[in-house]
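Please open the model in a viewer and keep the selection tool at hand.

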Amino acid sequence: MNLAMLAAARADTGKGPVKVGLIGAGKFGSMFLSQAPTTAGLSVTVIADLAPPRAKAACAAVGWTEERRSATAFVESGLELIARDDVEVVVDATGHPAAGIAHALAAAEQGKHIVMVNVEADVLAGPLLAETCRHAGVVYSMAYGDQPALTCELVDWARACGFSVAAAGKGTKYLPSYHASTPETVWPHYGLTPEQAAAAGMNPQMFNSFLDGTKSGIEMAAIANGTGLTPAPEGLAFPPCGVDDLAQVLRPRDAGGQLQHSGQVEVVSSLERDGRPVFRDLRWGVYVVLEAPNDYAAACFRQYGMNTDDSGRYAAMYKPFHLIGLELNVSILSAALRGEATGQATGFRGDVAATAKRALKAGETLDGEGGYCVWGKLLPAGASLAQGALPIGLAHGVTLTRDIPEGGVVGWADVQVEETSQAVQVRREMERRFAPAEAKAAE
């Protein structure tokens with residue numbers, strides 16, 4: 001609270017508005033840009049995009065005046081943007097893991113706060129990146145508006161109120177068959193033709209990563225790493241569940257629910273397994289299930305109309321929608337004016353392993369998130385390290401050295417990895433520094 005007041009006050013000082021540099025003017029970036037003209041105390045000074053004319057067109061499409069566009073610098077390089085004196089807060093909205101790592105490290109070196117829309121990079125090396133920024137005296141933050149930051153906020157709310165958290169996560173559209181989806185087969189699942197999607201500028205591989213389970217795994221790993229909640233040993237179950245049944249379904253098995261343990265991240269599906277829609281689904285939202293610490297609190301749940309389980313001890317709080325880039329200002333202003341992150345990795349608890357969509361042959365080149373070869377499966381970090389699993393964020397452009405059966409987890413040993421690349425080196429260092437205790441004990 002009070003961010004708008006702080007931002008307005010900042011605009012009236014000699015420092016002027018908070019100066020923001022945006023890297024990546026895609027859908028998320030465009031949604032953020034649409035809000036900048038109506039936000040007191042915030043100014044987008046620089047936009048970096050591989051195609052600056054495309055970024056300028058995005059600004060025009062969201063209603064920026066010619067005067068505002070002319071007053072903004074457009075560059076091709078995120079590193080060039082970070083080095084500029086007229087940027088206080090960097091927003092990485094590239095979605096490219098290696099680029100996100102490079103940008104976070106550069107921001108720390110240059111003394112700039114960074115908001116990571118790039119959840120892919122955060123899950124690949126977030127604990128190390130957050131620590132590096134913290135030691136540099138700058139904020140490394142999840143992006144408010146995206147589901148991980150919103151879920152972390154609900155978890156923090158529950159704990160600040162004195163509740164223990166049984167589960168937290170989000171909703172999505174899911175069926176088991178979606179794990180095999182490819183960019184070629186994705187659009188009918190969204191009710192679109194390829195022509196309609198192309199006309200809207202929609203990227204089939206990106207949207208397929210939302211559908212095939214990869215994005216869900218990435219976002220739940222980010223939440224686990226940011227909150228201390230943990231994945232189930234078998235990963236995500238995607239139980240069909242509407243908002244009225246969250247507390248009933250998402251409680252531990254020994255209490256009658258479907259959770260493997262209390263304190264778990266989980267994604268609920270908006271579809272029953274036979275494809276029927278779930279009643280009052282949470283496809284676009286986030287949730288937390290909390291447990292009453294005593295009989296008095298449980299009685300209050302009933303008195304104030306909360307959705308509870310049949311025992312009355314577990315209750316759910318949820319947010320039905322998220323507005324992604326339209327809400328991003330909360331992170332930017334929080335970093336610049338309060339020195340606080342809207343969620344960040346505090347440990348390595350969840351990982352996302354590249355998993356074969358079909359039988360893969362030695363010599364094939366993997367094409368990363370949402371592609372034709374692999375999807376990202378959520379694993380506990382210790383289990384991922386024990387298996388030597390290849391993180392989904394590094395499954396781009398690497399060649400298989402052996403066959404992988406359908407459903408098999410691809411390992412570091414199964415691919416030719418460029419060990420000298422910055423992303424690989426940072427990931428290796430993150431694993432050494434932040435491996436869970438049980439993983440270190442097994443070495």
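This is a predicted model: local features need pLDDT of at least 70, side-chain atom pairs count only at pLDDT 80 or more; totals for chains, interfaces and linings use all residues.

Which residue in β11 is the bridge partner of T308? Select T308 and A315 together: A315 is that partner.

Next, select residues 307–308, which form β10. This strand is joined to β11 by two bridges, and the pair runs antiparallel. Five residues separate β10 and β11 in a hairpin. Within the turn, select G312, whose phi is positive, at about 80°.

H322 counts as buried because its relative accessible area, 18%, falls under 20%. Display W284 as well: its backbone oxygen is 2.6 Å from a polar atom of the H322 side chain. Beyond its neighbours within four places in sequence, H322 has contacts that include G145, D146, Q147, L150 and E327.

Finally, turn to the second largest pocket, which holds about 520 Å³ of space. The elements that contribute two or more residues to its lining are α1 (3–11), α8 (147–160), α11 (214–227) and α14. Select α8, which gives the most, with seven residues. For the centre of the pocket, select E153, D156, A341, T342 and G343, the nearest of the 23 lining residues. Coloured by class, the lining shows 10 nonpolar, eight polar and five charged residues.

Technical notes:
Residues are numbered from 1 along each chain as its sequence is written. Side-chain values use heavy atoms; hydrogens and water are left out. Buried means under 20% relative accessible area, exposed over 50%, partly exposed in between (1.4 Å probe, protein chains only). A polar contact is a pair of N or O atoms within 3.5 Å; within protein, one must be able to donate a hydrogen and the other to accept it, and residues adjacent in sequence count only if both atoms are side-chain atoms. Contact means heavy atoms within 4.5 Å. Two strands pair if DSSP finds at least two bridges between them. Helices (H or I, at least four residues) and strands (E, at least two) are DSSP runs, numbered from the N terminus. On a 1 Å grid over the protein atoms alone, a cavity is a set of points where a 1.4 Å probe fits but cannot get out, and a pocket is an open set with protein on both sides within 12 Å along at least five of seven lines; lining residues have an atom within 4 Å of a point. Grid points are joined across faces, edges and corners, and a volume is the space filled by probe spheres set on the points. Ala, Val, Leu, Ile, Met, Phe, Trp, Tyr, Cys and Pro count as nonpolar, Asp, Glu, Lys and Arg as charged, and the others, Gly among them, as polar.
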